[in-house]
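Subject: Structure handover

Hello,

Here is the structure we talked about, with notes on what was found in it. Please read the notes with the model open.

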Amino acid sequence: MKSRGSATMRVAIMGSGNGGTAAAFEWAQAGHEVSMWDFERFDANIAAIAASGHIEGRVKFEGTAPIRYAGHDLDRALDGARLVLVVGPAYAHEAMGEALRGRLSRDTVYCVLPSSCNGAVVLKQALGLDLMDDTYVVGETHTLPYGCRLVEPGVVRVTTRVLDALFAAALPSSRTPELLAALQVVWPQAEAAKNVLQTTLQNGNPVLHPAIMLLNAGRIENTGGDFLFYTDGVTTAAARLMEAIDRERQELGRVLGIDIVPDPELGLRQGYVSESTYLKGYNEGIGFATSRAPSSLDFRYLTEDVPYGLVFMSELARQCGVATPAIDTVISLASIVLDTDFRAAGKRLPRDLGFVELTLEQVRGL
């Protein structure tokens, strides 16, 4: 793979998990100088890449891609970088922002990949920046560009790659063109979202994961997750619950002046599914065919997607006067089965993100 019509640039990846490793591979194989950084407690993958000097790709990505630097020295990883991808789960964004604080450059684009519910907002808060401060280009994508898993340290298997509709937005949105220009060097499928609320709400994980988890709770506990999460787990009942959640998300978007694409329609555009339905789209979707179920209910499909995703949607909807009975039911059920008050433990409430002080028009203008 060669760079898509752009000069070589330095790219820094913050995060060494599945998505970070896949992104590092693709940008490096496209001809760019890529470095990887992570916290010292996450050392296995970083150490393997540092030792070999490359990442090995499998399935959709093949061969090896050289990595300029892999380690725990953030200044070294950031040296000369013109694009910094902050890749990690929702709970990592604040810590990554704190690590990045004081190290920003006006010549660099910073992108949370993916948003996982207001990732760019949390990153700017951790950086000590006002949400509407446009000094730096800080943004997010609505999803990872891949379905991927680490096979072993230094080896990533990419089974699907988003073909279209990788939504991206900067905060404030006036800087989205600069964000897109950087991302489209290797991801031409990136397109502008209206704002970061669209990238946040368009993330499908809170729509899909909790519904499937809860309606397969007994099966997960009895088998230790010995089944295919989507192929076996998406039944008629699960599909109905997913659709109900999605409709509430779309209505919230409508009130906010944002067009939220129904998840199976987006999956069809992206190449994950061959039918834009909540049942066959997922239990027969090629992009989901090999995904195994978690071995426990205590997994990020509930512990991340409920408090970070659904609770935010519910609280923002309440602020906007939108009813969310399906979302509220899932929050309550998840709280019961994991004996955790997820609403009280909500990690990204509108009030914590600074949305409560804003009028509806100001929220729309982010």
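Accessible areas come from the Shrake-Rupley method with a 1.4 Å probe, and for residues only the protein chains shown count as cover. L333 sits in helix α15, residues 325–337. With 41% relative accessibility, L333 is classed as partly exposed; buried means under 20% relative accessible area, exposed over 50%, and partly exposed in between (1.4 Å probe, protein chains only).

This is a predicted model, in which local features need pLDDT of at least 70 and side-chain atom pairs count only at pLDDT 80 or more, while totals for chains, interfaces and linings use all residues. Residues are numbered from 1 along each chain as its sequence is written, and side-chain values use heavy atoms, with hydrogens and water left out.

Overall fold

The protein has 17 helices and twelve strands. Helices (H or I, at least four residues) and strands (E, at least two) are DSSP runs, numbered from the N terminus. The radius of gyration is 19 Å, close to the 21 Å that the globule rule gives for 366 residues, so the protein is as compact as a globular protein of that length. That radius is taken over C-alpha atoms, and the globule rule is 2.2 Å times the number of residues to the power 0.38. The C-alpha trace spans about 50 × 45 × 35 Å along its principal axes. Of the 366 residues, 57% are buried. Among contacts (heavy atoms within 4.5 Å) between residues at least 6 apart in sequence, 73% join residues at least 24 apart. The protein exposes about 14300 Å², and carbon and sulfur atoms supply 47% of that area.

Strands β1 and β2

Four of the five residues of β1 (residues 10–14) are buried. Strand β1 runs parallel to β2 (residues 33–37), and five bridges join the two; strands pair if DSSP finds at least two bridges between them. V11 has V34 as its bridge partner in β2.

Salt bridges

A salt bridge here is a side-chain nitrogen of Lys or Arg within 4 Å of a carboxyl oxygen of Asp or Glu. By this rule there are 17 salt bridges.

One of them joins E33 and R10, with the closest N and O atoms 2.8 Å apart. E33 is in β2 and R10 in β1, so this pair ties together parts 23 residues apart in sequence. E33 is partly exposed at 34% relative accessibility, and R10 is partly exposed at 26%.

D263 and R249 form another, with 3.9 Å between the closest N and O atoms. D263 is in helix α11 (residues 263–270) and R249 in helix α10 (residues 236–255), 14 residues apart. D263 is buried at 8% relative accessible area, and R249 is buried at 1%.

R343 lies in the loop between α15 and α16 (350–353), so the pair ties together parts 15 residues apart in sequence. D328 is partly exposed at 24%, as is R343 at 23%. Both belong to a network of salt bridges that also includes E315 and R318.

Regards
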